[in-house]
Amino acid sequence: MNRPRLMAFAVAAALGLSNSAFAVSDQELKDLREQVRQMKLEYEKRIEALERRLQQAEQAAGKAEAAAGKAQETAVQAAVQASSRPVAENALNPGVSLVLNSVYANLSRDPRGFRIDGFVPTMGEIGPPVRGLSLGESELVFAANIDPYFRGTLIASVSPDTNGAEIEEGYIQTLSLSNGFTIKAGRFFSGVGYLNQMHAHAWNFADAPLANKVFLGDRLAEDGVQFRWIAPTDLYVDVGLELGRGRKFPGGPDGGRNKNGFGSGVLFAHIGGDIGTGTAWQAGISYLSTSPRDRRFDDPDSTGTNVTNSYNGRSRLWALDGILKWAPNRNPTTTNFKLQGEYFRRREDGDLTYDTLAQSLGTQTGAFASRQSGWYLQGVYQFVRRWRAGYRYDRLNAGTTELGLVASGALAAADFPILSAYNPTRHTVMADWSPSEFSRIRLQFARDKSRLGATDNQVLLQYIMSLGAHGADKF
Amino acid sequence: MKTIIKLLLVLAFSMLSWPVSAALRVFACEPEWAALAQELAGDRVSVYSATTAMQDADRIEARPSLIARVRSADLLICTGSQMEIGWIQPGSPGYFEASRFVAKLEVPSVVDRSLGDIHPAGNPHIHTDPRNIAKVAEALTQRLAQIDPENADAYRARGKSFLERWRSAIEKWERQAAPLKGMPIVEHHRAFVYLVAWLGLKEVGTLEPIPGIPPTPSHLAGLVEAMRRQPAKAIVYSTYNDPKAAAFLSERTKIPAVMLPYSVGGTDKAKDLYGFFDDLIGRLLGVVK
């Protein structure tokens with residue numbers, strides 16, 4: 001019970017009694033002492049009163065505890081009423097997460113001259129990163145349920161240099177449609193193929209397969225609507241339809257067609273299930289149809305002039321994909337294996353206009369027809385907790401590209417060097433280390449034969465780290 | 001193109017498995033809730049357990065068959081408290097979050113990932129205390145009665161009888177486990193915190209340096225040292241843990257390593273909820289005797 005004394009001391013100190021610089025008369029000192037004594041008494045009384053109240057409260061609490069036992073049964077009843085409401089993410093703020101990545105690149109060929117020969121350039125960001133150290137695009141994700149009916153997601157990628165922020169995905173999605181229907185609207189990664197829907201941080205290699213680069217411009221993100229239906233079967237079956245503007249390759253690199261209605265359409269279907277107690281699989285088929293208008297690409301012609309060519313016509317892409325995941329007893333913590341492959345086949349029929357800006361041999365238009373394909377197959381094995389190793393093989397088949405202007409003799413094949421019949425290949429190996437679910441450091445080596453007559457040996461060392469809310473992962 | 005779509009539709013419809021009986025379709029995120037639903041509803045429900053006791057409940061990966069099962073489920077029973085955050089979106093209709101009905105332990109005052117894989121809403125491994133099972137059983141009985149009102153009385157009767165049997169089983173387990181009171185143990189992951197609290201065990205360390213981070217040599221060396229000063233009676237790990245770390249510590253300290261079923265189905269004896277607790281206590285008593 002030394003609190004009153006402490007209090008008295010504090011009061012005394014506050015009054016400046018300890019300060020000898022003040023000349024204090026006896027009478028004043030007496031008065032002060034009397035004041036302090038009375039304060040002390042008063043505080044002691046107050047503390048006694050408080051202690052009494054505390055005792056009473058403790059007794060009451062004891063009774064309350066007994067009552068609480070009985071109340072618990074009622075509370076469970078009340079909780080049942082409230083239980084249909086899920087736990088909110090960050091109270092009512094959207095869940096926010098951030099993905100940081102950075103890469104060191106050692107490339108035997110100049111990345112500024114990167115091209116994939118045999119295929120129409122997509123004008124997308126398909127090349128390897130710059131040589132040396134560079135910060136990758138940082139990804140910022142906001143997501144939350146809007147109300148019982150909708151969920152909203154915004155994923156922005158912030159470019160480290162001057163390009164600013166770009167909306168990768170920004171969409172709303174229905175939550176409570178019955179019978180297995182979901183509708184997504186806004187900008188979203190198209191359901192064509194398998195890897196296209198996954199964000200780069202979830203990829204098993206540092207870059208996209210060559211097939212995704214030439215057929216989807218690295219990645220197809222469409223402004224549009226997606227309808228998806230899951231069948232009421234134990235085997236997983238879904239079918240979906242996407243209608244979009246055709247804002248990016250293969251629809252068009254210049255923001256899509258100036259057209260009411262839809263500029264591109266995608267149909268997809270998946271089927272998937274389990275095998276035994278350790279394996280899960282999924283297979284998919286998808287079809288993308290669009291009619292590009294004035295889809296431009298640059299290519300140096302036979303005079304060495306960099307001319308702009310333009311394609312008008314139809315573009316149809318088929319994709320098949322398959323995924324197999326294995327983990328002993330479905331417990332992937334220590335060891336697991338993932339096999340993944342996709343096959344793409346594209347037909348384009350239309351007209352190609354050479355040198356639209358009349359910079360070289362003059363603007364000319366002729367028929368264009370191409371049948372091309374490409375595929376990749378990759379396997380990633382986690383051989384011990386935290387460590388994985390993987391191998392990927394890429395192959396593109398330039399197939400046939402018929403140019404009316406060349407057939408008629410108006411121009412030579414050398415005026416369209418990038419459309420030469422060349423089959424690019426690439427071997428990639430990687431090893432990564434993930435100290436936790438949220439961090440990964442990866443070393444990758446690729447022998448890339450995308451360029452006719454030139455092999456690029458690429459060494460990439462990268463980190464990918466995510467912080468903030470934990471989103472749901474895709475299969 | 002059209003023929004392929006037709007083919008797919010035919011394929012899809014041919015695989016429709018129309019429910020033969022009018023049984024309620026229950027999707028349980030974890031095997032303990034599958035077992036509880038079976039106890040409470042018998043053959044009025046067809047129960048599917050998404051995971052097994054052999055899987056690390058904190059690291060479940062989504063897979064196509066789970067999406068298919070969730071889609072046609074009438075009731076989703078999950079632990080909640082962000083345990084299933086990587087693969088289940090809470091808020092779907094019919095979602096029942098078991099951990100809402102129990103008082104959670106280890107609710108962190110500071111939430112930061114540098115502290116490991118922590119759950120902001122508290123430790124989610126609530127099912128290792130049978131009193132929690134009773135609380136969830138009461139709530140689940142009411143939910144069953146709510147979504148299947150025709151059989152409401154049957155669920156209530158069955159729920160009542162289960163709770164009576166369960167409470168006497170709890171008394172039996174508490175009697176059996178009396179010698180375990182105050183027993184110091186080392187856990188692999190804090191997966192049995194509720195069991196520890198219920199039986200009055202004393203957890204004196206974990207093999208994981210911090211939650212979700214695998215045991216490191218330096219941390220294990222520290223544990224060996226700590227065990228020399230104040231030995232524990234058992235090193236406890238669960239069905240899905242890699243047993244190497246527990247074996248390492250056991251070998252150096254001569255403290256027995258005990259594998260405990262994480263949930264129903266984790267061991268041969270843990271066939272149902274009763275067998276699960278029988279086996280948990282039996283295996284711990286095996287160390288004391």
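Begin by selecting domain 1 and domain 2 of chain B, whose centres, taken over C-alpha atoms, are separated by 24 Å. Their bounds, which come from an automatic or database domain assignment, are 19-173 for domain 1 and 178-288 for domain 2. The model is predicted: local features need pLDDT of at least 70 and side-chain atom pairs count only at pLDDT 80 or more, while totals for chains, interfaces and linings use all residues. Residues are numbered from 1 along each chain as its sequence is written, and chains are lettered from A and ligands numbered from 1 in the order in which they are written.

**The domain contact in chain B**

Next, display the residues at which the two domains meet. Here 30 residues of domain 1 of chain B are in contact with 25 residues of domain 2 of chain B; a contact requires C-beta atoms, placed from the backbone, to lie within 7 Å. On the side of domain 1, H2, H4 and H5 of chain B are the elements that give two or more residues. Helices are DSSP runs (H or I, at least four residues), numbered from the N terminus. H2(B) gives the most to this side, with five residues. By class, this side of domain 1 comprises 13 nonpolar, eight polar and nine charged residues; Ala, Val, Leu, Ile, Met, Phe, Trp, Tyr, Cys and Pro count as nonpolar, Asp, Glu, Lys and Arg as charged, and the others, Gly among them, as polar.

**Helix H5 of chain B**

Select residues 152-176 of chain B, which form helix H5. Its 25 residues should span 36 Å at 1.5 Å a residue, and the separation of 35 Å between its end C-alpha atoms agrees; the expected span is 1.5 Å times one less than the number of residues. Tyr155(B), Gly159(B) and Trp166(B) are the buried residues of H5(B), and they pack against helix H2 (31-41) and helix H4 (130-147) of chain B. A residue is buried if 20 or more other C-beta atoms lie within 10 Å of its own, exposed if 12 or fewer, and partly exposed in between.

**Arg71(B)**

Move to helix H3 (residues 64-71) of chain B, where Arg71(B) is placed. With 19 other C-beta atoms within 10 Å, Arg71(B) is partly exposed. Beyond its neighbours within four places in sequence, Arg71(B) is in contact with Gly180(A), Ile230(A) and Pro232(A).

**Confidence**

Finally, colour chain B by pLDDT, the predictor's confidence in each residue, from 0 to 100. The chain B average is 88, and 91% of the residues score at least 70. Over residues 14-20 of chain B, pLDDT stays under 50. Where pLDDT is low, the predicted coordinates should not be read in detail.
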